[in-house]
Amino acid sequence: MNNKPRIGVYVCHCGANIAKTVDVEAVSEFASHLPYVKVARNYAYMCSDPGQLLIREDIKNEGLTRVVVASCSPRMHELTFRKTLAAAGLNPYYLEMANIREHCSWVHTDRDEATAKAKRLVYSAVAKARLLEPLTEKEVEVEPSALIVGGGIAGIQAALDIAAAGFKVYMVEKTTSVGGKMSQLDKTFPTLDCSACILTPKMVDVASHPNIELMTYSKVEDISGYVGNFDVKVRKKARYVDMDKCTGCGACAEECRLRGTIPNDYDMGLGKRGAIYLPFPQAVPAKYTIDPDRCLMLTRGKCGKGPKCVEACAVGAVNFEQEDEIVEFKVGTVIIATGYEIFDASKKPEYGYGQYPNVINGLELERLVAASGPTGGEIVIGKGDKAMVPKEVAFISCVGSRDDSVDKPYCSRVCCMYSAKLAHLILEKLPEANVRIYYMDVRAFGKGYEEFYDRVRREGVHYIRGNPSEIFKRGDKLVVKAEDTLAGRPLEDEVDLVVLAVGLEPRQDAREIIDILKLSQSADGFYMEAHPKLAPVDTATDGVYLAGCAQGPKDIPDTVAQAKGAAASALILLSSGQVKVQAQISIVDESTCRGCGFCVEICPYGAIELVEINRMGNMAQVARVNEALCKGCGACAAGCLSGSIQQRSFKDQQILPQIAVLGAMK
Amino acid sequence: MSEQFEPNVVAFLCNWCTYAGADLAGTSRMHYEPNVNIIRVMCSGRVNPLFVVNALQQGADSVLVSGCHPGDCHYMEGNYYARRRFTLMKELLDYVGVDPQRFHMSWVSASEGNKWKDVVGEVVKETKEVGSFEQFQRDKINW
């Protein structure tokens, strides 16, 4: 190093926050004698304009090449001071900070001890600063398109917003139609809007928007690349129906030999469909699909004298030869809106779900009360002779929520309100019914929710505080055994229908996306946001955002709000067209790397690969870092046997002097 | 060792969890011993086991490595590497005759200012029990 570094040290008083416990004069005096230090000053507020001016002036007048600021946490003001350096024409990465506030003046009371510690921290920063290197923040181009995984209300809203801003959107939905769970709901709380009435126009918009390419019955197989440049591979499963030809007339389904024999998932298995089907009348796209696991032609190769759907189809859309199609494209950003599943109530065997036909879950009741449902909106349990219109109805809330016994400690946020809504709908259809809700606490937190809760109580829904212990059969009736904890009285309540207000849980296939994108999960299993408060739609992977219940249980307003937030975040990337990538990333010394590949295995981001280079006439394998993929964790640097791969700004030769200084300063 | 002995602890903290947790301890004005000197790294996975040996050589009486809770790593897997490396490291130190109380690992999240305070208290207390470390020491700073 020919040019000796010229270091400036700036000790901040932070008003009295630091100066009260740390002798800032003594610290700057101490610093002025350290090797390579040209200037050491202290000032009331380094982050203020005059404070920053002090640094800029010194850089110009004293020819400083490194700056050490001893003040608050770098997590607070590192960026501020980097900008100060840049403004004075110095590389912003020539800055090192000593945290003498959060880690010193605020946590120690003895002035001498605190001052001594501040000196140690400043010395350590000076030791590192001497060896800092200039770094540049590279910019990469952003592909002007977005991938949205999941076609529920979250995905739909995000897609519409991004498309409206003029960017291309690819939406991938696993099932045959967009709409998600919201399309299964009858009414929505607390306004009692008809779910289909507010959702279906948006579903149609998604399908018809010129900027949106909708891929239903499709699955994301792989996403590689990095922020701004993701390569996506999607498998479009064979529908055995030509999407271009199918008019959605339904003649095929009328003729299917299996018509009315296969439980329809959309109706929670309460309704039946054929092997060629449209899950529900408003499905988008309104194209039929053949169920490959049930269709006689596809499972046995034979369907009577010939498949009737083929005969029935006037446009010749049915095609048993169709195969899965792999589609590949590039996007700049990804939004994960894969939604949730409902808790499987059979994991609480004491409630008899799956054992008694008149114990059902909330979503099943939703289908029963829906006019488009299997009973045409009549609340009837069972079929034929056994059909029964319930008179005594009990709801049980928090089934699979706030329950450590099934590993679901969290609140699902919607069950209190959907129970209230369903109770209201029952009373609307069966005014003679008696409805009670067994609850732990009623959480009516949203806009208009408490009012709705009041309303259903006024309508006669009876709230009983107590978590039932058991449900069993007595004659034709079900008995709910509970304790009314407010009255302090045990109950045995005979009812006709029990509705379990099941909670929301992460999708069973949540892992697939995690493996593809390396997202993390929070303790509850939902995808984890980058910060629970300040980055609720971001993930730890740059350019990947979360929307809706994939991130945690949410009601529809919150889901839509978050989807709009995710869309806005994605649009920041898309509209700026360029993105800065981390500068403090790893770098390989190709002259010493022996190509063992340890770092390649260690890297959690797949950012390192082995390449062949010509090293002084010999071909050699060396590691190479993809600068756009590297996130700068430094795990590779700690694992490298020869020290050939190093993390910029955290190199061995930058950290070791810090260790030496701190070790020596007893 | 006399009661006056004040140990020198070098601590490597990851930027995202423990460093932030230590910041929170500061913001919450919790009070703890001034013996722990913090070196910030982006991830506990960056901490080369040699850093620990080096710190002991350079005069530290004990070393602490602290990162995000397993499963919460900002870089997904970095703290798993740290956990594996330092579990092995601890045994190695024991093997070469270094008291296990001279090496500490902890997981402190950004919301656990209180835990950071406790970790510091514990590390300082344990280091005081084993006293000054001189086995590895070099005479002077050599940079």
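Modeller: Helices (H or I, at least four residues) and strands (E, at least two) are DSSP runs, numbered from the N terminus. The model is predicted, and local features need pLDDT of at least 70, side-chain atom pairs count only at pLDDT 80 or more, and totals for chains, interfaces and linings use all residues. Residues are numbered from 1 along each chain as its sequence is written, while chains are lettered from A and ligands numbered from 1 in the order in which they are written.

L192(A) is not a glycine, but its phi is positive, near 60 degrees. Because 14 other C-beta atoms lie within 10 Å, L192(A) is partly exposed. On this scale a residue is buried if 20 or more other C-beta atoms lie within 10 Å of its own, exposed if 12 or fewer, and partly exposed in between, with C-beta atoms placed from the backbone.

Both features of this loop have a counterpart elsewhere in chain A. A cis peptide bond also joins V284(A) to P285(A), with omega near 0 degrees; P285(A) sits in the loop between β15 (276–277) and β16 (289–290) of chain A. A positive phi, near 55 degrees, is found in C398(A), again a residue other than glycine. C398(A) belongs to strand β21 (residues 392–399) of chain A. It has 23 C-beta neighbours inside 10 Å and therefore counts as buried.

Next come the helices. Helix α6 (residues 153–164) and helix α7 (residues 195–208) of chain A have axes that come within 10 Å and cross at roughly 55 degrees. That angle makes α6(A) oblique to α7(A). Here, axes are lines fitted to C-alpha atoms, for helices over the stretch in contact, and angles run from 0 to 180 degrees between N-to-C directions. Angles under 35 degrees count as roughly parallel, over 145 as roughly antiparallel, 65 to 115 as roughly perpendicular and the rest as oblique. The contact draws on I153(A), I156(A), A159(A) and L160(A) from α6(A), and on L199(A), K202(A), M203(A), D205(A) and V206(A) from α7(A). Two residues are in contact if their C-beta atoms, placed from the backbone, lie within 7 Å. By class, seven residues of this contact are nonpolar, none is polar and two are charged. In these classes, Ala, Val, Leu, Ile, Met, Phe, Trp, Tyr, Cys and Pro count as nonpolar, Asp, Glu, Lys and Arg as charged, and the others, Gly among them, as polar.

In α5(A), R120(A), Y123(A), S124(A), A127(A) and K128(A) meet Q654(A), P657(A), Q658(A), V661(A) and L662(A) of α18(A). This contact has five nonpolar, three polar and two charged residues.

Leaving out residues up to four places away in sequence, K119(A) touches V27(A) and F30(A). The C-alpha atom of K119(A) is 9.6 Å from that of A70(A), although the two residues are 49 apart along the chain.

Finally, the chain as a whole provides the setting. Chain A contains 18 helices and 34 strands, and its C-alpha trace spans about 95 × 70 × 40 Å along its principal axes. Of its 666 residues, 50% are buried. Among contacts in chain A between residues at least 6 apart in sequence, 70% join residues at least 24 apart.
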